[in-house]
Amino acid sequence: MSKTIANPNLPAPPSGKYPAKAHARRVAQWIADNGGPQSGIIYLEGQSLRMNEDDDTDAHFRQRRHFYYLTGCDLPDCYFAYDTAADRSTLWIPPIDPAFVMWAGMPLLPDQALKRYDVDDVKTSDELLKGGDSIRSMLQKQQTVIMAIKDRANLDLFQSGSLKECRPEINFEWVRKGIEACRVVKDDHEIAMIRHANIVSSYAHEQVLASVKRAKNERELNAVFVMHCHANGCKEQAYGCICAGGSNASTLHYVHNDMPLEGRLNLLLDAGCEYNCYCSDITRTFPLTGTFTKESKEIYTLVLHMQTECMKMIQAGVKWEDVHMKAHALAAEGLLALGILNRNLSIDKILDTRVTTRFLPHGLGHYLGMDTHDCGGNPNHDDPDEMFKYLRIRGVLPANSVVTNEPGIYFRKFPLEQELKDGKWEGIIDQEVLKRYWDVGGVRIEDDIWVKEGGCENLTTVKSGLEYVEATVNGS
């Protein structure tokens, strides 16, 4: 009998209802506290089921994250309204369609949905405009504001349809702002789901490390990761896997994942599953032979040092730009010690030239939650300073946010080779030393970090120590 793929020793996933009602209250309170409507109806529509073009099969369904945040509902073609003054939430789900039942079985019924989801009432969508808990009845009780997300709701319903006589004010400003601000700070249930996604993803990373010696192609290791996530209860991937061998790892969001591994030094695996719409995001870099070369070991040790030192800074109240700059200062020190940068330069001078952005071009990390690059970070991609242009978080980290800590060092031939030919880094980069590192490609180490008062907790459980990585690849 073949060995089972599912691991019975992994911790059970979190139990209990998703706290949607608490989220709705938080959003309404945030809106009221920040100058928005003091009362009204928050109205959201879930994602519709779509068909593949020129086909009669369903396209992959992904629930709208703002809708899920206020409902916990992962069904397509649903509607939601929260009357903030009455503190009452209503969810409308699709009614029974006999043709659907023939092909796919019975759908979730309203009484079942009420037990599953943290809402006050569940109706079918054919009751959206009629009945005691319809949108119409909510509007008739008060002169009210409909708070909605532009392009995410059929507002003809309110402006020119059967509800026109109710004359509600339509507000597009506050719901998105309120939800995105509130999503930054996680409650215990959300942390538990991110933790579980990390546990399963970490286990899958461990299985990839143990499979390296048998793989001939990037796609084989990609498949190993996805298989173990799926087998252990996490069918969805949080993002497209990055499985990059050798110099391919210098491309930050490498997409091919199908190149042969022969002759390449290392593999960078950036992969994470999601559990109930909550993501993990983990990167490990390891030697394909089981032993890092001298140059690879030097760069791996540097990146691990960068991550460890930045981890010490992460806590509620820290300014993320300061942690990001710490990573660049450590990168400058390390590249200087290796001779890749001119040893006659000071750290301050190196940072002033922004040359470290050629080796660490991305931000140190980003918020993590229902999206891999979660909302609320207030990035400024128009920032003319290359040091901060791609930083996805600006400002102070709040307690109970989750961030990634993912420093990296990359040897990208484009645009660096051309810049070197043009003399841009004359006297700053030693090209003869640099030549020894091109084949390293790129090294990134990434963990998911729960920000707390006075410190932080690493939710990622797969180890990253150099000795562990080499030993696991070698099967010891």
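Biologist: In this predicted model, how many Å separate the centres of domain 1 and domain 2, taken over C-alpha atoms?
Modeller: The chain is divided into domain 1, covering 20–183, and domain 2, covering 187–474. Between these two parts, 8 residues of domain 1 are in contact with 12 residues of domain 2. Taken over C-alpha atoms, the separation of the two domain centres is 38 Å.

Biologist: Leaving aside its neighbours within four places in sequence, which residues is isoleucine 409 in contact with?
Modeller: With neighbours within four places in sequence left aside, the contacts of isoleucine 409 are Ile299, Leu302, Val303, Met306, Ala331, Leu335, Phe359, Gly442 and Val443.

Biologist: Why is one side of β12 and of β16 left without a neighbour in the sheet?
Modeller: The open sheet is formed by 3 strands in the order β12-β15-β16, with antiparallel pairing. Since β12 (402–405) and β16 (455–458) stand at the edges, one side of each is left without a neighbour in the sheet, because each has a single partner strand.

Biologist: Which residue in β15 is the bridge partner of asparagine 405?
Modeller: Strand β15, residues 447–452, pairs with β12 in the antiparallel sense over 4 bridges. In β15, the bridge partner of asparagine 405 is aspartate 447.

Biologist: Which elements do the buried residues of α7 pack against?
Modeller: Helix α7 comprises residues 174–184, and its buried residues are Trp174, Val175, Gly178, Ile179, Cys182, Arg183 and Val184. The buried residues of α7 pack against α1 (20–33), β1 (41–45), α2 (65–71), β5 (145–147), β6 (169–171) and β12.

Biologist: How many residues apart in sequence are the parts that the pair of tyrosine 18 and tyrosine 278 ties together?
Modeller: A search of the whole structure finds 6 aromatic pairs, and the pair of tyrosine 18 with tyrosine 278 is tilted, at 6.1 Å centre to centre and 45° between the planes. Both of these tyrosines are buried, and Tyr18, Tyr68 and Tyr278 form one aromatic cluster. Tyrosine 18 lies in the segment before α1 and tyrosine 278 in strand β10 (residues 278–279), so the parts tied together by the pair are apart in sequence by 260 residues.

Biologist: Are the rings of phenylalanine 292 and tyrosine 300 stacked, edge-to-face or tilted?
Modeller: Phenylalanine 292 is buried, with a relative accessible area of 7%, and tyrosine 300 is buried as well, with a relative accessible area of 0%. Their ring centres are 4.9 Å apart and their planes stand at 35°. Planes under 30 degrees apart would count as stacked and over 60 as edge-to-face, so this pair is tilted.

Biologist: How far apart in space are glutamine 112 and valine 122, C-alpha to C-alpha?
Modeller: Glutamine 112 is found in helix α4, residues 110–116, and is partly exposed, with a relative accessible area of 39%. In sequence, glutamine 112 and valine 122 are 10 residues apart, and in space, C-alpha to C-alpha, their separation is 9.1 Å.

How values were computed: Residues are numbered from 1 along each chain as its sequence is written. This is a predicted model: local features need pLDDT of at least 70, side-chain atom pairs count only at pLDDT 80 or more; totals for chains, interfaces and linings use all residues. Side-chain values use heavy atoms; hydrogens and water are left out. Two strands pair if DSSP finds at least two bridges between them. Helices (H or I, at least four residues) and strands (E, at least two) are DSSP runs, numbered from the N terminus. Contact means heavy atoms within 4.5 Å. Buried means under 20% relative accessible area, exposed over 50%, partly exposed in between (1.4 Å probe, protein chains only). Rings of Phe, Tyr and Trp (its six-membered ring) pair if their centres lie within 6.5 Å; planes under 30 degrees apart count as stacked, over 60 as edge-to-face and the rest as tilted. Domain bounds come from an automatic or database domain assignment.
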